[in-house]
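This report looks at how one chain folds and how it meets its partner. Have the sequence and model open as you read.

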Amino acid sequence: MELAFALIIGSLTFSGVYLVLRARTFPVVVGLTLLSYGVNLFLFSTGRLMTGGQPIIGSTDTYSDPLPQALVLTAIVIGFAMTAFVVVLSLRSRADTGDDHVDGNIPREEPEDHQSIEQPREETGQ
Amino acid sequence: MNHWLTAPVLIPLIGGFLQVFMGYAPLSLRRTLGLATTGLLLVSTVILLMLADDGSYRAYAFGNWAPPFGIVLVLDRLAALMLFITALLALFCHLFSLGRTDVSSRQFHALFLFQLMGLNIAFLTGDLFNLFVAFEVLLIASYGLLLHGEGTARTVPSLHYVVLNLAGSALFLISVGMIYSVTGTLNMADLARIIPELGAADLPLVEAGGMILLVVFALKAALLPLTFWLPRAYASATAPVAALFAVMTKVGVYAIIRVYTLLFGENAGALANLGMDWVFPLALLTMIVGVIGMMGSGGLRTMVAWQVVVSVGTILAAFSLVSKEGLSSALFYMVHTTWVAAGLFLVVDLIAGQRGSAGDKIVTAPRMRNRTFISVMFMLGAVSAAGLPPLSGFFAKLLIMSAAVPGLQMAALWAVILFAGFLSLVAYSRAGSIVFWRNVDGHIDQPERLNFPHTVGAGALVAMSVVIVFGAGPLSDYTDAAAEQLRDTSAYTSILDTAMVGEDE
């Protein structure tokens, strides 16, 4: 089980890092997601891997550590929110620059104030 | 248990929630409540500063769960100092945002207050995982603030900033997991107790975890190889946000100071002073790259953003001397540089507002309406940031240089600090003389007028460099005491014995 677990974490992290280094926003977002999956599994394994253990002392013969499970839950929630945000942001970037390259347009001019007529809009992280 | 410790977290939290639900209330009401919240926050941090000055550690255990199991807030001199720096900075930035930045979006005040809450949790927390949560809270608010404003110029820098910080968060979780897998705890006091007693077989994992943690904090602090995200992100943010971000890099610096004195400090046994031999040369290189960036920047905002990089290098160079004097001078410099760099961001925004389409670019333009007043503020900020007497930067750099012990380290530190000071002076004089003196004929359509909140916000932060000079004695006494307290890690672990409510106090 340890070997399979380690291989899964390794391949998730490998694919995540590879995709984050790509030049288009969609692979980057997918890469960040894979990276956070890998990290969550890794965090889960820090309480040692076991089968049939319960996080309550005395209820079973083996005891599994509840704290990493709590940490993973927190990390999943935060990672999910951040991924949602980065998806919206990359869509916005695609709409603003007309290109899904992470640097905007490749032969990039400094975006001038050509949209100054635009009404103030809400841009929040919520 | 001292309930005052929750005030810097609860005040912006409640204020921020009020703002969220008042999105459609009149702007003047939202402003009044927002400013009242930041004002109240400042008052509470002053109280905490006075509480902390007796040199003891105070802990607040959430839900009355005893420390190694529950989450604690811990107040000591360093935490109180950081809270105070942030609250004062926030009040003037908030004042500056009135009438310009806060008009374009209904959520500005809420985001601003949530950002403050995240900062305050990061400074107060006594738990490594809680520090991660605090980082995420302040980051998600900072994403919103960075994007804040009209136009499309901010989207791409924001995207870079967000992706970079998400990768940083993944690294943070990995390092936290590595440390937990060996020590079985993430409470900082408990870690400080356990790490010196680790067996040889467990050391490599904790050491690797500690080094990855250093990478994460260095990314937040913008230490050299991880520095290049900063100038573009900060230069594209609106002025009050950029000024508030002056303290964001300091959160990374704070985390480095906290973790690498408490967990991997001098008392950490086999892992004593982990990573400090890396931080010192990198900090010096950061300063050099920072001044090169200042010399090469085409706009005043970019120049001040590089100034932030230089100041991070200076603080970390002083900290990595690993002595009480070095630590104390690093804290003194941190107080000075946070306020002055933020003040410069605000002054630059006043300059840009009066130069029409020339904006903050370092080019000739028609004469500004309030040239004399703004140029005096710019000069005060520049002189202080470059470290010339008689302003606070001079005293801060003097303390850092006198903290170095003779030897190779001293030679390198003195050379780089003096060289960086000289070059930043050149950069400021070049920019200042072009912007203020070389005027061309013509006039600017509708230059912005100075108004009371903007003048006070920018002026007060720059004037803090004069205030620090007059208060230099008490301030350096305080930073000395804070450095002394930080190096005594056994006192920190005593918070594990804090009596809970219901036990015998």
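Two residues are in contact if their C-beta atoms, placed from the backbone, lie within 7 Å. In chain B, residues 24 or more positions apart account for 80% of the contacts with a separation of 6 or more.

This is a predicted model: local features need pLDDT of at least 70, side-chain atom pairs count only at pLDDT 80 or more, and totals for chains, interfaces and linings use all residues. Residues are numbered from 1 along each chain as its sequence is written, and chains are lettered from A and ligands numbered from 1 in the order in which they are written.

Chain B has 20 helices and four strands. Helices (H or I, at least four residues) and strands (E, at least two) are DSSP runs, numbered from the N terminus. Of its 505 residues, 60% count as buried, meaning 20 or more other C-beta atoms within 10 Å of the residue's own, all placed from the backbone.

Now the interface. 32 residues of chain B are in contact with 35 residues of chain A. Helix 6 (155-183) of chain B is one of the elements giving two or more residues to this side. The largest share, 14 residues, comes from helix 6 of chain B.

The side of chain B that touches chain A divides by class as follows. Ala, Val, Leu, Ile, Met, Phe, Trp, Tyr, Cys and Pro count as nonpolar, Asp, Glu, Lys and Arg as charged, and the others, Gly among them, as polar.

| Class | Residues of chain B |
|---|---|
| Nonpolar | 18 residues |
| Polar | eleven residues |

Definitions and conventions. Buried ≥ 20, exposed ≤ 12 C-beta atoms within 10 Å, placed from the backbone.
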